[in-house]
Amino acid sequence: MFDVYYYLKNLSPPQQIGALFILVFGLLLLASCVSFLYSVREHGDDAQADARRQEQRRVGAIIRTSWFMVLVFWVSWAAGENVALTLFGFLSFFSLREFLTLSPTRLGDHRSLVLAFFVVLPVQYWLIASAHFDMFSVFIPVYVFLALPLTSALANDPLRFLERNAKLQWGIMVCIYGMSHVPALLLLKFPGYDNRNAFLVFFLVLVVQVCMVTQHFASRRLQRLPVAPAISKSFNWRSWAIGVATGSLLGAMLAGITPWVPGTAFAAAFVACVAGSLGHLVMKALKRDRGIPNWGEEGQSVTGAGGLLDRVDALCFAAPVFFHSARWYFNV
């Protein structure tokens with residue numbers, strides 16, 4: 001592990017980019033080819049064959065999510081801070097639209113919806129772009145959470161007032177507040193780490209995704225009793241611990257692309273993996289409440305983005321915990 005750390009640390013930024021490009025895209029390409037070859041095999045028509053096909057669809061969804069998350073990093077690195085902020089702003093917009101489209105709204109909610117999409121979202125990303133980190137951290141949970149119910153109250157519609165506002169506030173917290181912390185990593189100033197912050201986005205995305213993938217396969221192999229079967233039939237503490245441990249160890253191995261030593265990188269990855277995996281479970285509970293298996297039915301989301309929220313939900317929970325932990329610990 002320390003050999004990997006020193007090897008990555010001694011590479012120049014372009015060399016680090018090249019090494020990571022070959023490693024990550026090579027592994028994803030290999031996984032995609034294996035998945036494709038497995039999908040074209042004949043499985044028969046019995047119940048066991050049907051179960052294999054369902055498992056293949058789940059694995060395919062995981063691989064597509066991995067491609068999406070890694071491509072987000074490369075766009076963030078190649079396009080620069082402003083384009084990255086715009087990209088994540090659109091991701092927040094479509095994620096929130098996907099979240100709210102599957103939850104019924106009333107006429108009295110329209111003012112609050114306009115406020116969320118066309119005031120809260122751009123202001124949150126403007127605060128990041130202008131590096132107003134203190135205000136960006138409290139803008140939504142303090143100011144917006146007071147403004148939204150006030151706007152709804154002025155609409156003179158008390159029916160299910162608490163439920164409607166809680167739904168909107170929850171969507172804003174996950175899709176805008178949580179997501180906005182990913183590009184905010186690009187603007188943190190670590191000593192001796194100039195022009196490398198895109199690696200922090202890559203680090204966060206990769207450790208969280210590896211944690212989720214490992215947890216999925218460990219759960220299938222171990223066949224343990226689920227902790228909350230009404231919410232997730234695959235979540236159990238043993239597979240969860242394996243996923244978190246794998247993601248954390250990978251974080252320690254990737255310390256060379258971060259401003260940290262392996263022990264600190266392990267701790268940062270551990271925090272991100274715990275927050276992301278448990279946040280994913282929370283989002284599953286929300287889907288069960290709405291009576292849907294995923295945010296994009298049969299791979300087609302209400303935004304046309306192919307179940308976008310399914311791809312980013314763990315990241316939306318991991319990013320703010322990771323960001324504020326790093327900022328607090330290093331006082332940046």
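**Close-up views of a cavity and aromatic pairs**

**Figure 1. Lining of the largest cavity.** T105, D109, S112, L113, S152, R164, N165, K167 and L168 line the largest cavity in this predicted model. Two elements, α5 (110-129) and α7 (161-184), each give two or more residues to this lining. The greatest share comes from α7, with 4 residues. Sorted by class, the lining holds 2 nonpolar, 4 polar and 3 charged residues. The volume of the largest cavity is about 50 Å³, and the structure holds 1 cavity of 30 Å³ or more. Rolling a probe the size of a water molecule over the atoms shows where empty space is left.

**Figure 2. The aromatic pair of F133 and F136.** A search of the whole structure finds 19 aromatic pairs. In one of them, the ring centres of F133 and F136 are 6.2 Å apart and the planes meet at 65°, so the pair is edge-to-face. Both residues belong to helix α6 (residues 133-154), where they are 3 residues apart, about one turn of the helix. F133 has a relative accessibility of 10% and therefore counts as buried. F136 also counts as buried, because its relative accessibility is 0%.

**Figure 3. The aromatic pair of Y329 and F330.** Y329 and F330 form an edge-to-face aromatic pair, with 4.9 Å from centre to centre and 80° between the planes. Y329 has a relative accessible area of 57% and is therefore exposed. F330, with a relative accessible area of 30%, is partly exposed.

**Figure 4. An aromatic cluster that includes Y329 and F330.** One aromatic cluster is formed by F190, Y193, F203, W260, F322, W328, Y329 and F330.

Methods:
Residues numbered from 1 in each chain as written. Predicted model: local features only at pLDDT ≥ 70, side-chain atom pairs only at ≥ 80, totals over all residues. Heavy atoms only, no water. 1 Å grid on protein atoms, 1.4 Å probe; cavity = no way out; pocket = protein on both sides within 12 Å on 5 of 7 lines; lining within 4 Å. Points joined across faces, edges and corners; volume = space filled by probe spheres on them. Nonpolar A, V, L, I, M, F, W, Y, C, P; charged D, E, K, R; others polar. Phe/Tyr/Trp six-rings, centres within 6.5 Å; stacked < 30°, edge-to-face > 60°. Buried < 20%, exposed > 50% of the residue type's maximum accessible area, 1.4 Å probe, protein only.
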